[in-house]
Amino acid sequence: MSDHPALALSASIADRLAHPDLAPAMVSSGEARQHLALGPIGIALLHIERAAAGLGPWQRAHDWLTGATRLPFTSGVDSHPFYGAPALAHVLACASECLPGAYERDLDLLDRQTSDDVRRRLDAAHHRIDAGQLPAVAEFDAIRGLAGFGGYFLRRDPTGPALQAILDYCVRLTEPVTHDGEVLPGWWALTGPSGRPDDRYPGGHGNNGMAHGIGSILALLSLSACSGAVVPGQHQAMRTVLAWLDRWKTSTTLGPAWPYWLTRDDLHTGQPAATAPRRPSWCYGTAGLARAQQLAALALGDVERRAQAEAALVGALTEPAQLRATVDTGLCHGVTGLAHLAARTASDASPDTAAELRAVIPSLLVRLLPSGGSPEDAAMTLVHDSAGSGLLDGAAGTALGVLAAASTGRPSTSWDACLLIA
């Protein structure tokens with residue numbers, strides 16, 4: 001294991017990000033300080049996972065957390081699962097898994113703050129649904145919304161009232177809404193995919209993604225059901241989302257793919273607009289949705305759908321056009337995300353498909369190491385790349401994502417619970 005070049009890359013990145021004083025200044029500046037995707041707490045997550053796996057010292061994680069928390073973290077309406085107090089809570093919870101009692105008082109406070117915020121958000125969401133209005137994407141998605149909060153409480157308090165209330169909301173979200181005389185799925189947003197009004201999307205859009213769309217809701221419902229957390233209507237809600245994905249899947253040379261989102265024109269024509277092959281990433285596309293559908297199949301005991309979902313991921317990771325469209329390295333929409341998803345999906349796949357997925361991983365990981373370059377050189381490039389040193393797009397996420405992909409084990413902590421893939 002220790003001889004794998006990708007693991008050497010992870011170690012080199014961790015060494016270059018060993019202490020806040022060594023990192024690029026932008027990591028701890030401005031809003032990035034509180035951001036899981038961009039800032040120091042995402043880098044702390046790297047060191048927490050490595051320490052839990054026996055690959056590095058706990059002191060590095062402590063130094064990053066100490067540096068990040070010298071100033072207060074935002075809670076309430078201006079925070080979300082990837083920003084402020086809830087994001088910090090995710091990181092501290094990962095540390096506490098391996099250090100019983102560590103950060104206990106801080107986590108208790110953060111849990112109370114986050115629970116209060118979730119109650120306010122749920123009250124607003126149910127009021128909106130009662131009024132027959134459509135949601136903003138940020139109400140429910142994995143990054144800013146209730147799906148992300150649900151992933152946190154699934155780990156912290158799987159039998160508690162916060163998760164149950166979020167699951168009840170997710171069930172309601174899958175119920176149709178009639179807007180301007182047209183029946184739309186309950187997650188349809190009147191904005192563009194950015195969450196802002198956009199003239200290119202008259203009538204809004206239906207987002208399929210794992211980061212910002214209904215894929216995150218399917219994943220949360222499925223993960224919860226697999227863990228035994230079930231509310232009335234949950235299985236039917238999962239089937240509703242699966243039927244939507246079945247309705248809109250398209251074909252590539254090696255299997256199905258899914259559009260990132262649908263427009264009103266798509267609904268009227270019954271066909272998604274033709275696009276060039278797109279990257280099959282975690283945030284949008286086949287890779288993340290294949291994992292969500294595999295989890296749903298496991299929760300529903302649907303052997304055929306499980307096989308289809310697993311085969312879809314194999315196809316996406318071996319179809320040349322989709323791989324050519326994947327030009328980034330990071331977790332969100334890059335090669336590392338594909339490798340990590342392959343490893344996570346393989347751990348729950350049938351033996352034959354698991355072997356196929358494992359066989360694809362080396363060809364993905366080699367793309368992180370330029371031909372003739374050393375892991376140390378690649379690490380220096382990634383740490384100082386324009387994508388940054390953070391979790392979602394940057395070097396810390398790459399160093400984290402390759403750990404499970406380059407070995408045969410699962411992560412030592414729940415660091416990737418924020419992605420709703422496990």
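The model is predicted, so to speak plainly about its limits: local features need pLDDT of at least 70, side-chain atom pairs count only at pLDDT 80 or more, and totals for chains, interfaces and linings use all residues. Residues are numbered from 1 along each chain as its sequence is written, and side-chain values use heavy atoms, with hydrogens and water left out.

## Helix α10

Let's start with α10, which covers residues 234–248. Helices here are DSSP runs of H or I with at least four residues, strands are E runs of at least two, and both are numbered from the N terminus. The 15 residues of α10 reach 22 Å from the first C-alpha to the last, close to the expected 21 Å; that expectation is 1.5 Å times one less than the number of residues. Which residues of α10 are buried? They are Gln-234, Ala-237, Met-238, Val-241, Leu-242, Trp-244, Leu-245 and Trp-248. Buried means under 20% relative accessible area, exposed over 50%, and partly exposed in between, with a 1.4 Å probe and protein chains only. Viewed down the axis of α10, the buried residues fall within an arc of 155°, so they line one face of the helix. The arc is taken from the directions from the helix axis to the C-beta atoms. An α-helix has 3.6 residues a turn, so residues three or four places apart point the same way.

## Aromatic contacts

The count comes to seven aromatic pairs. Rings of Phe, Tyr and Trp (its six-membered ring) pair if their centres lie within 6.5 Å; planes under 30 degrees apart count as stacked, over 60 as edge-to-face and the rest as tilted. Tyr-201 and Trp-261 form an edge-to-face pair, 6.2 Å centre to centre with 80° between the planes. Tyr-201 sits in the loop between β2 (182–184) and β3 (205–207) and Trp-261 in strand β6 (residues 261–263), so this pair ties together parts 60 residues apart in sequence. Trp-261 also pairs edge-to-face with Tyr-284, at 5.4 Å centre to centre and 90° between the planes. Tyr-284 lies in the loop between α11 (264–269) and α12 (286–300), so its pair with Trp-261 of β6 ties together parts 23 residues apart in sequence. Tyr-201 and Trp-261 are both buried, and so is Tyr-284.

On a 1 Å grid over the protein atoms alone, a cavity is a set of points where a 1.4 Å probe fits but cannot get out, and a pocket is an open set with protein on both sides within 12 Å along at least five of seven lines; lining residues have an atom within 4 Å of a point. Grid points are joined across faces, edges and corners, and a volume is the space filled by probe spheres set on the points. There are two cavities of 30 Å³ or more.

| Space | Volume |
|---|---|
| Largest cavity | about 130 Å³ |
| Second largest cavity | about 50 Å³ |
| Largest pocket | about 470 Å³ |

Of the 15 residues lining the largest cavity, Pro-81, His-90, Gly-148, Tyr-152 and Cys-418 are the closest to its centre. Helix α7 gives the most to this lining, with five residues. Residues lining the second largest cavity include Arg-344, Arg-358 and Arg-410. For the largest pocket, the biggest share of the lining, three residues, comes from β4.
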